[in-house]
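Reader: Can you walk me through this one? I'd like to talk side chains and contacts.
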Amino acid sequence: DTLNVGDAWRKGFRGEGQVIGILDTGVDASHRELAGKVVAFREFDDDGNPVNSGLSGASGYDTGTHGTHVSALVVGERFGAAPAAKLAVAAVLTRKGQDGRHWGYLNQIVGGLRWLVTEMSAPRVSIINASLGIDDFQPYLYELVRDGEDLGNILFVGSIGNDGPGHSSSPGNYDRVVGVGSVGQDDRASWFSGSGNSYDEAGKSVGSKP
């Protein structure tokens, strides 16, 4: 209701023909919300190399739960914003910390993003969601984001971070990325939601992301 997706659906916008790339912990392709919706899946190791290139999309698995949660919000049959879209999922947050949270090496994230941007041609992704971040402005992913925008007309969406106002994370703080924070049920920014400047390729601030 908050996103007014019902109005979009009534106008015929349910994600038909779109493939959405997900960078996360993986995905449980057998989940009832996602049955038949994962068309490509790969996990990447610490060096950024695929470890399961032979798996079909239906064989996708989740090393945690976050990736499945995010995927269902995007294309879930009952709860997704675009239930008619498909998914290509890169498992890049496959390490589990002592606090129980999953994380990944930069090489894993780069490997997954490169696969989604440059190696997937059939089907081609049109949107990439990265619910992850590296503190402050980091240039490491910018070139791939730029190439995806220039070569494939891909829309990038990234988390702005959970470290509070004035703090942001890459790639959510890139000028070419739609940075997304957190809001509560009252539509107000959560106390932990990040915000801050938007940066160009040279690391120069070009505006703010409230």
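Author: What follows covers salt bridges, a helix, aromatic rings and a surface patch. This is a predicted model.

Reader: Good. How many salt bridges does the structure hold?

Author: Seven salt bridges. One of them joins the side chains of Asp-7 and Lys-11, at 3.4 Å from N to O.

Reader: Is Lys-11 buried or exposed?

Author: Lys-11 counts as exposed, because its relative accessibility is 57% and the cut-off is over 50%. Asp-7 counts as partly exposed, at 26%.

Reader: Next bridge. Which residue does Glu-119 form a salt bridge with?

Author: Arg-42. The closest N and O atoms of Glu-119 and Arg-42 are 3.5 Å apart.

Reader: What parts does that pair tie together?

Author: Glu-119 lies in helix α3, residues 106–119, and Arg-42 lies in strand β2, residues 38–43. So the pair ties together parts that are 77 residues apart in sequence. Glu-119 is partly exposed, with a relative accessible area of 47%.

Reader: And Arg-146? What does Arg-146 form a salt bridge with?

Author: Glu-201. Their closest N and O atoms are 2.4 Å apart. Arg-146 is in helix α4, residues 142–152, while Glu-201 is in the loop between β11 (196–199) and β12 (205–209). That pair therefore ties together parts 55 residues apart in sequence. Salt bridges with shared partners also join Arg-146, Asp-147 and Glu-201 into one network.

Reader: Which residues in α3 are buried?

Author: The buried residues in α3 include Ile-109, Val-110, Leu-113, Trp-115, Leu-116 and Val-117. Gln-108, Gly-111 and Gly-112 are buried there too.

Reader: New topic. How many aromatic pairs does the structure hold?

Author: Seven aromatic pairs. Take Trp-103 and Tyr-105: their ring centres are 4.9 Å apart and their planes are at 70 degrees, so the pair is edge-to-face.

Reader: How accessible are Trp-103 and Tyr-105?

Author: Trp-103 is partly exposed, with a relative accessible area of 37%. Tyr-105 also counts as partly exposed, at 37%.

Reader: What about the rings of Trp-191 and Phe-192?

Author: Their centres are 5.5 Å apart and their planes are at 90 degrees, so Trp-191 and Phe-192 are edge-to-face. Trp-191 is exposed at 73% relative accessible area, whereas Phe-192 counts as partly exposed at 27%.

Reader: Which residues form an aromatic cluster?

Author: Phe-137, Tyr-142, Tyr-174 and Tyr-199 form one cluster.

Reader: What sits over the ring of Trp-9?

Author: The charged end of Arg-14. That end is 5.0 Å from the centre of the Trp-9 ring.

Reader: Last one. Which residues form a nonpolar patch on the surface?

Author: Leu-155, Val-178 and Val-180. Together they have about 230 Å² of accessible area.

Reader: Where does Val-178 lie?

Author: Val-178 lies in strand β10, residues 177–180. Val-178 is partly exposed, with a relative accessible area of 40%.

Definitions and conventions. Residues are numbered from 1 along each chain as its sequence is written. This is a predicted model: local features need pLDDT of at least 70, side-chain atom pairs count only at pLDDT 80 or more; totals for chains, interfaces and linings use all residues. Side-chain values use heavy atoms; hydrogens and water are left out. Rings of Phe, Tyr and Trp (its six-membered ring) pair if their centres lie within 6.5 Å; planes under 30 degrees apart count as stacked, over 60 as edge-to-face and the rest as tilted. Buried means under 20% relative accessible area, exposed over 50%, partly exposed in between (1.4 Å probe, protein chains only). A charge sits over a ring if NZ of Lys or CZ of Arg is within 6 Å of the ring centre and within 35 degrees of the ring normal. Patches are made of residues with over 30% relative accessible area and no salt bridge: like charges are joined within 9 Å, nonpolar side chains (Val, Leu, Ile, Met, Phe, Trp, Tyr) within 5 Å. Accessible areas come from the Shrake-Rupley method with a 1.4 Å probe; for residues, only the protein chains shown count as cover. A salt bridge is a side-chain nitrogen of Lys or Arg within 4 Å of a carboxyl oxygen of Asp or Glu. Helices (H or I, at least four residues) and strands (E, at least two) are DSSP runs, numbered from the N terminus.
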